[in-house]
Structure formats: C-alpha cells, structure tokens
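Dear colleague,

I am passing on the structure below, together with some notes on what was found in it. Please read the notes with the structure open beside them.

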Amino acid sequence: MTILDVTNLSSSYEGQPLLKDITFSLKKGEILCLLGPSGAGKTTLLRLLAGLEKEDSGIVTFGNLNIQPIPSHKRNFGMMFQEYALFPHKNVFENVSFGLEMKKWPLKIRQEKVAGMLEIVGLKGFAHRAIDELSGGERQRVALARSLAPEPRLLLLDEPLGSLDRTLRDRLATEIRSILKALNVTALFVTHDQSEAFSVADKVAILHEGRLEQFDSPENIYRTPANATVARFLGFKNIIYGKRAKGDLFYSAIEQLHLATENGDTENCTLLIRPEGARIIQAEELIKNEIALTGKIVKLQFQGATYKMQIEVDEHMLFFDLPIDPIPPGIGDPVHLAIRTSSFVRLAS
Amino acid sequence: MRNGRIQFSVNFLKTNFGSNRWLLLSLPLLFLALFYFYPLIKIVFMSFAPEGVWEPERLRQLISSDNYFRVLRFTFWQATLSTLLTLALALPGAYIFAHFNFPGKNMLQALMTVPFVLPTVVTAAAFRALLGSGGLVNSWLITALDLSIPPIRIDQTVAFFLLAHIFYNYSLVLRIVAGYWSSLDPDIREAAGMLGASPWQTFKKITLPLLVPAITSAAVLVFIFCFTSFGVILILGGPGYATIEVEIYRQAVQFFNLPMAAALSLIQILINFLLMWLHARIGSKNRVGFFSTAIGGTPKKVKGFLQKSFLLANLLFMVILLLAPLSALLLRSFIGEHGFTLAYYSSLFTTHSRSVFFVPPINAVLNSVGFGLAAMCIAVTLGLFASTYLASAKGRSVPFWDAVIMLPLATSAVTLGFGYIITLNTPPLNLRDSLALVPIAHGLVAFPFVVRCILPGIRQIPQTLKEAATLLGSSPLQVWRYIDLPLTSRPIMVGAIFAFSISMGEFGASSFVTRPHTPTMPVAIFRFLSQPGDLNYGQAMAMSTILMLVTASGFWLLGRIADNR
C-alpha cells in the first residue's frame with residue numbers, strides 16, 4: 001500500500017535550483033535511502049518532507065492526504081538530525097519523553113514507553129544520564145529512541161551515522177535496520193555512503209544535482225545503474241563510451257569490445273563493465289556467456305579475498321577484482337581475461 | 001647518550017624555571033599588598049576600631065542606623081530595577097541580532113562598543129546635554145512651544161540615572177545574550193518541532209531554558225555595574241539619592257565621617273565579593289562569553305510586515321539610545337545661549353576668576369593622558385609578570401593566585417580611593433601629595449583586565465615551541481624574549497588599550513586621590529557640572545567631548561599599532 005507520494009517536487013534557494021521535479025512513492029514499512037554526493041539535495045528533500053522548508057512546486061501526499069499545509073509540529077513525523085540535536089539541558093529520559101509530553105501522555109505511560117524504547121536501542125538503565133556523559137554511539141541511540149518514541153508515521157534520518165567512526169557505523173547501520181523493521185516504521189534515510197545505504201535500505205534513490213537519477217532496490221541499482229552518472233557515483237570505473245551501432249553492432253572505443261546490441265537497443269551507447277565476474281584464462285578458453293579481453297597489467301594489488309588489477313587495453317584503463325586463484329602474471333605482462341556477459345551493462349547516456 | 005642529554009636539559013629547564021618562578025609573582029604581589037590589601041585592611045580596622053580602640057559596638061551602631069539601611073535599600077532597589085529594565089529592553093534586540101540579517105548590522109554592532117569605553121562622567125554629561133533642564137530637547141521644546149519653563153523635568157530623579165544605566169548596559173546584555181543565542185544549534189529547535197512542539201512550546205521548553213545561563217550571567221553583571229554605580233548617580237541623581245558608593249564619597253569627602261565611610265566600604269566590599277563570586281560560578285559552569293562573544297550563526301532574512309515592524313522598532317530604539325546622548329553632547333558643546341559658539345572650548349585655555357580651577361582646565365587633558373600612559377605601563381608590567389607566572393606554573397596554587405589577582409575587579413574604585421586617603425597619607429607611605437597616587441590607583445584597577453587579556457594569549461603558545469627553542473640553546477629568559485613576547489604582542493596591545501582607556505575614564509578612585517591643581521578630565525567635568533552657570537555647564541560639555549575624542553583616538557591609535565604587528 002503506497003503511503004508517501006511525491007510528485008514533481010521542486011525547490012530552490014535564492015534562484016539556485018536545489019531539487020528538480022522529484023517524483024517517487026513509498027509503501028508502508030519501507031525504508032528508502034536517499035543516496036548522493038554532498039550538495040545533491042538529499043537533506044533539502046528530507047527537510048521538505050519534514051515541513052522545515054517550503055517547496056516551490058509539486059505535491060506531497062501522505063496516506064492520500066496532502067500534507068503541505070500542515071506545519072511540521074503537527075505532521076507526526078519523526079526526524080533524527082545529523083548531530084542528533086539532543087536537548088542539552090534535559091537528561092536521557094527527558095529527551096526521549098519530550099515528544100510524548102507534547103502529546104500530553106500521562107507520566108506513568110511515558111515512563112513505560114521510554115523504558116521500552118531505551119531497551120530497544122540497547123540503553124537500558126541510561127534514563128537518568130546527562131547528555132554530555134554519553135559517547136557518540138550512545139547519543140545516536142538516544143536520538144533514535146527519541147524520534148521513534150512518539151510512534152511517528154514517517155521517520156526521517158539525516159545522515160544519522162555521519163559523525164561516527166567506520167566500525168561503529170557498520171554495526172549501527174544494520175542495527176537501525178532491524179529496529180525499524182521490528183517496529184514496521186516507514187523511513188527515509190539520507191546518506192552519502194553507498195555501503196551504508198545498501199545495508200539499511202529496501203529502496204535506494206540516487207540524487208545528483210537535484211535530480212532523481214534512479215529509484216530502485218539496492219540490488220537493481222548495483223546490477224544495472226541507470227546511467228553513467230549513477231555508475232560513476234557507485235564507484236564504477238570501467239565506463240566505455242561507444243558509437244551508435246549500424247545494424248545490430250555496438251562500436252565501443254575498445255576494439256575488442258564491439259558487442260552485439262540487445263533486442264535492437266540502439267540508444268544506449270555507453271558500456272559499463274562491473275569489476276567482478278572476470279577470471280584469468282589461457283588464450284581461447286572461453287565458456288558460454290563470456291567475452292574475452294586481452295590487455296597489459298599496469299597495477300596489481302593483493303587485497304586478501306581478491307586481487308585489484310588495472311589493465312591497459314587499447315590505451316584505456318580497465319579495473320577488475322579477480323579471485324586469488326589462479327595467481328596472475330606480474331606487472332607489465334600481458335593477461336587474458338574472460339568476463340561474464342552479465343557484468344556488462346548498457347547505460348543510458 | 002644524546003637522548004640522555006636532551007632529557008637532562010629539559011629537566012634542567014623545568015627545575016631552573018621552577019625554583020625561580022615565584023620571583024615573577026613577587027612584584028605583582030608586592031604591589032597588591034601595598035596598594036590593595038593594606039588600604040583594605042585599614043578600612044576594616046577603621047570600621048571596628050574608629051579611634052584606634054577596638055569598638056565593634058560602634059560598627060553595630062553605624063550599621064543599624066537608619067541612614068545606613070536607607071542607602072543599602074536604595075542601592076539594591078535601583079540596581080534591581082535597572083537590571084530588569086535593561087533586560088526587558090535588550091532581550092528583543094538580542095533576538096533580532098541572533099536571528100536576522102539586515103543592512104547596517106555590522107555598523108550597529110561597532111556602535112554598540114561605544115558605551116563600553118565611554119567614561120561614566122561623559123555618559124552623565126551626555127544625558128544632561130540631551131534631557132537635562134538646560135539640555136537640547138528642552139531648549140528645542142521651549143523655542144518650539146514658546147514655554148517659560150523646561151517641559152521635561154527629569155533632572156535629579158531616579159528616571160534620569162535609570163536611563164543612563166540602560167544606556168550603559170543595553171549593549172552588554174545584547175552582546176552576551178545574542179552571542180549565546182546565535183550559538184544555539186537551530187537543529188535543536190527543529191527537533192522539538194518535529195517532536196510535536198509548537199513554536200511557543202519550543203521557546204518555553206527548549207530555547208528559554210537554554211538561554212537561562214546567558215541571561216543570568218548578563219543580569220548579574222548588569223546588577224554589579226549598577227550596584228557600584230557612582231559617577232552617573234552623583235551627577236544625574238543629585239543630592240537626594242545615594243548608592244553605597246556615593247554615600248562613601250559623601251561621608252568621607254563632604255562630612256569627614258570616616259568611620260561611617262569605612263563601615264559602608266566594608267559592606268560594599270563584602271557584597272561585591274559575593275556578586276563577583278556568583279558571576280564567576282555562573283560563567284565557569286556554562287561558558288558564557290563575556291568580552292568577545294561573536295554573534296554568529298546563520299541569520300535569516302526578514303519576512304512579513306510583523307517581523308519588519310518589530311525589527312524596525314527595535315533598531316530605531318537602539319540608534320536613538322546610542323546616538324542621541326552623544327550627539328546632544330557634541331551639539332551642546334558648540335551651542336550657547338545665543339547660538340553657535342566656541343567660547344566653551346576657548347575658555348578651557350584660560351584661568352577664569354570665577355572658575356573652580358587654579359590652572360587652565362585644558363591642563364586636565366595633559367594630566368589625564370600622562371596618568372593614563374603611566375597607569376598603562378604599571379598595569380602592563382604587572383600583567384606581564386603575573387601572566388607569565390600563571391601560564392608557566394602548575395598545580396593547585398594556580399587558580400588561587402589567579403583569583404587573588406582578580407580581586408581588584410571585585411572592589412569598587414570608590415572604596416579603593418577611600419582606602420588610599422586613609423592609608424597613604426601617613427608614614428611609612430606618604431604619597432598623599434605625590435602625583436604617583438593616581439596612576440597607581442588606575443594601574444591597580446586596570447591590572448586584572450590586562451591579565452585577562454594576556455594570559456589566554458600566553459597559554460595558547462604550544463609548549464613544544466618553547467621546548468624546541470630550549471633544545472636549540474635558548475635560556476628560559478631568551479625563550480620568554482624570543483617566543484612568548486613576540487607571540488603575545490597582540491594581546492599585550494589589547495591589554496594596554498584597555499588599561500589606557502580605563503585610566504582615562506576612571507572617576508571613582510580619582511575623586512579621592514586627585515590633587516586640586518592636577519585634576520583628571522573626569523574630575524574636571526564633575527567639578528564643572530556641580531557648579532551653577534552656563535559657562536561651567538558648557539565647559540563640562542566641551543571637556544566631555546574632548547575626553548570622548550581622546551579616548552576614541554587612543555583606541556584608534558593602539559588599534560592601528562596592533563594591526564601593524
């Protein structure tokens with residue numbers, strides 16, 4: 001059941017467009033990650049939905065009701081801020097209970113609810129701690145508990161893990177997902193970190209310069225990026241520009257990679273080769289659904305589970321993650337690779 | 001081997017500096033002992049033993065007298081009222097400065113520093129020039145409405161000096177509160193909104209509680225200033241009103257009732273310490289900025305009619321409050337009974353037969369500048385010694401000595417001046433007729449400010465720089481000369497500016513220790529103002545204008561030196 005519906009949402013600041021015609025919808029209980037580089041408009045979109053900023057045009061409905069005229073404090077949306085924005089003059093209990101107090105819940109029920117929330121986020125017994133006694137990770141949990149306690153209809157999270165160190169981030173990202181899933185909360189999660197987005201989200205929206213470039217599940221986004229912008233943002237390096245095919249051939253910049261176009265697809269002339277799915281072969285040892293490529297090894301880096309290999313083909317640099325067996329030849333040596341056809345993605349230009 | 005030698009020289013540096021370090025503190029301590037503790041102890045003795053005999057009963061009688069209570073009650077009452085009025089007027093201004101951007105904001109902020117550096121006597125004169133019976137507004141109204149008596153009769157009323165107190169403290173409150181307000185994270189307010197709090201609930205439950213430390217800190221400070229108010233009340237309040245400070249002056253100088261003055265001083269000292277302690281506690285607990293609270297944040301543009309008119313009303317009030325008295329002062333110094341005149345200025349250069357001076361009044365300018373420079377040297381020298389000690393010393397004794405050095409801040413200048421005339425006029429220290437007494441008093445008053453300027457500067461110098469210099473062969477003295485001193489030249493300059501301007505405007509202690517033939521400018525202005533006649537009045541205006549200009553150019557000059565460094 002669709003609960004959040006955003007149609008043609010646009011916004012600008014002092015004449016500079018921040019968001020251009022954003023359209024998407026979200027089902028109840030889904031977690032959407034807004035992913036994009038800084039300045040892409042992720043936080044703006046979040047603040048528009050929260051009612052903290054005003055859009056130029058577009059329609060936002062929540063549960064089939066237009067929420068645009070409703071001030072933010074009456075939307076019953078929750079928000080978790082980047083630096084948490086915990087109230088420094090209130091202790092953990094008072095922070096978490098604040099939203100319930102605003103709803104005029106009686107103290108007794110508030111106490112139960114706060115205790116329950118603190119248990120869920122793993123801070124049992126922290127109720128009377130002062131905020132400045134907490135570590136970064138603990139503050140993050142208090143902020144999560146505070147935004148979840150009033151049972152918001154929609155939870156907005158603005159880079160909630162941004163200021164934590166890497167190991168803590170990875171752990172808390174999966175933890176947040178399981179908490180949100182357990183409570184069946186519909187949520188929007190802003191991040192610029194791809195692995196964080198993939199481990200939290202049901203759906204990912206890639207934003208770039210105010211435009212929604214792709215909206216899909218994490219798997220689909222990774223497997224088939226919609227265009228070169230998305231592919232580059234996801235960190236893919238093997239993006240090869242080609243010419244429109246005559247007949248059904250795709251002329252890429254690399255001679256070895258003139259490929260048959262799929263299903264008469266003549267528009268998509270840019271080719272992405274994902275780095276995984278390659279293996280080293282002796283010449284002419286292809287199996288079905290593989291394409292051969294020969295190049296010279298320029299760099300080779302042992303990474304544990306894989307080798308990162310950079311090869312030069314027709315003056316182009318290509319990058320692959322190879323299994324550690326067989327042991328690759330040395331730097332400067334020629335190498336023959338077999339690449340699965342599923343690693344080739346045709347991108348919209 | 002090499003490591004051993006390096007370790008040795010570092011240890012040597014520590015011990016060498018350590019054993020002699022207290023020498024640095026001895027000069028400031030000696031100065032404090034002679035010119036601060038000695039007079040103060042004498043006051044206490046005089047309170048308990050007025051005629052050399054231990055008579056606590058006398059003190060009890062003095063304290064339980066009606067006059068004593070009246071003065072005490074009035075002092076508290078006017079300070080409370082001034083504080084409340086200032087807060088009520090300045091908080092909307094603080095809101096505006098913390099939240100909005102508007103044209104002329106920077107200029108207005110610069111203008112706000114004016115009351116900080118304006119001598120009390122000049123402020124009093126400026127308000128007389130604006131609203132006094134011979135002031136600009138009254139003379140305009142008389143001409144315009146063809147009246148026979150001045151319509152605004154605010155002279156010698158409570159309202160008059162309350163107005164001056166507001167002028168003094170308005171920008172102080174605004175700076176402290178606006179600086180703190182703008183530093184509050186706007187996310188916190190938005191978080192409250194997202195949790196369902198309406199704008200009013202957010203203000204009541206989040207913003208206001210968070211502002212409490214800044215507001216209390218500002219309020220206590222304003223209370224202290226108004227509680228120890230002297231020049232403003234003496235000049236604007238007239239004989240009918242007396243704070244403790246004014247009463248000490250009257251009892252000592254006019255009635256020669258030294259035991260009563262001592263008893264009043266004693267209570268003033270005690271209350272001042274209590275208030276300063278309170279302020280220090282609030283400040284240290286909440287890190288409220290005092291001197292240089294920058295107003296930052298991300299200000300919004302003004303939107304809507306309501307916001308615009310609120311902003312405009314406040315800005316208008318600020319501009320009138322800050323500019324009107326000063327412009328009136330300037331105008332009044334050039335306008336006599338028959339229009340434009342330079343007579344007030346020219347008469348400063350002659351010794352008038354009817355004048356209250358034995359020398360041309362213009363000499364007061366030279367006296368003040370001379371005393372100011374001498375006081376500056378005293379305060380900076382003492383400040384450098386004390387700061388160097390406090391920055392290099394470690395351990396529990398540091399906060400103690402720091403507090404001792406700050407003591408003069410907590411003591412009213414009038415008390416100090418009174419202490420001087422009862423101690424320093426008899427052997428072993430007979431300085432009664434010495435010119436040195438004024439710079440000494442001013443230097444003592446300025447000394448804590450100088451330390452507060454220099455000490456953070458020295459403390460900011462990374463220890464590694466000094467260690468590097470040591471290992472490159474510098475002696476402790478050379479480290480100080482080549483590392484500490486150059487890197488703190490700016491704070492030293494700022495401290496010097498403070499010391500000079502404090503001396504230029506100082507009136508409380510000066511009113512006791514200035515000799516009749518070598519008046520300072522504030523003392524001269526006070527004497528002019530307390531005499532009848534248009535010429536005296538005009539001369540007060542002219543002298544005040546000159547004092548304002550001299551102080552301003554002192555600031556400008558020293559500011560330029562600091563910039564060129």
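Where pLDDT is low, the predicted coordinates should not be read in detail.

This is a predicted model, in which local features need pLDDT of at least 70 and side-chain atom pairs count only at pLDDT 80 or more, while totals for chains, interfaces and linings use all residues. Residues are numbered from 1 along each chain as its sequence is written, and chains are lettered from A and ligands numbered from 1 in the order in which they are written.

Chain B has a mean pLDDT of 83, with 89% of its residues at 70 or more. Among its elements, helix 1 (residues 2–48) of chain B has the lowest mean pLDDT, 70, and helix 3 (residues 66–99) of chain B the highest, 92; helices here are DSSP runs (H or I, at least four residues), numbered from the N terminus. The model scores ipTM 0.76 and pTM 0.77.

An automatic or database assignment divides chain B into domain 1 (58–332) and domain 2 (364–565), whose C-alpha centres lie 24 Å apart. In chain B, 29 residues of domain 1 are in contact with 27 residues of domain 2. On the side of domain 1 of chain B that touches domain 2 of chain B, helix 13 of chain B gives the most, with 8 residues.

With best wishes

Methods:
Two residues are in contact if their C-beta atoms, placed from the backbone, lie within 7 Å. Helices (H or I, at least four residues) and strands (E, at least two) are DSSP runs, numbered from the N terminus. pLDDT is the predictor's confidence in each residue, from 0 to 100.
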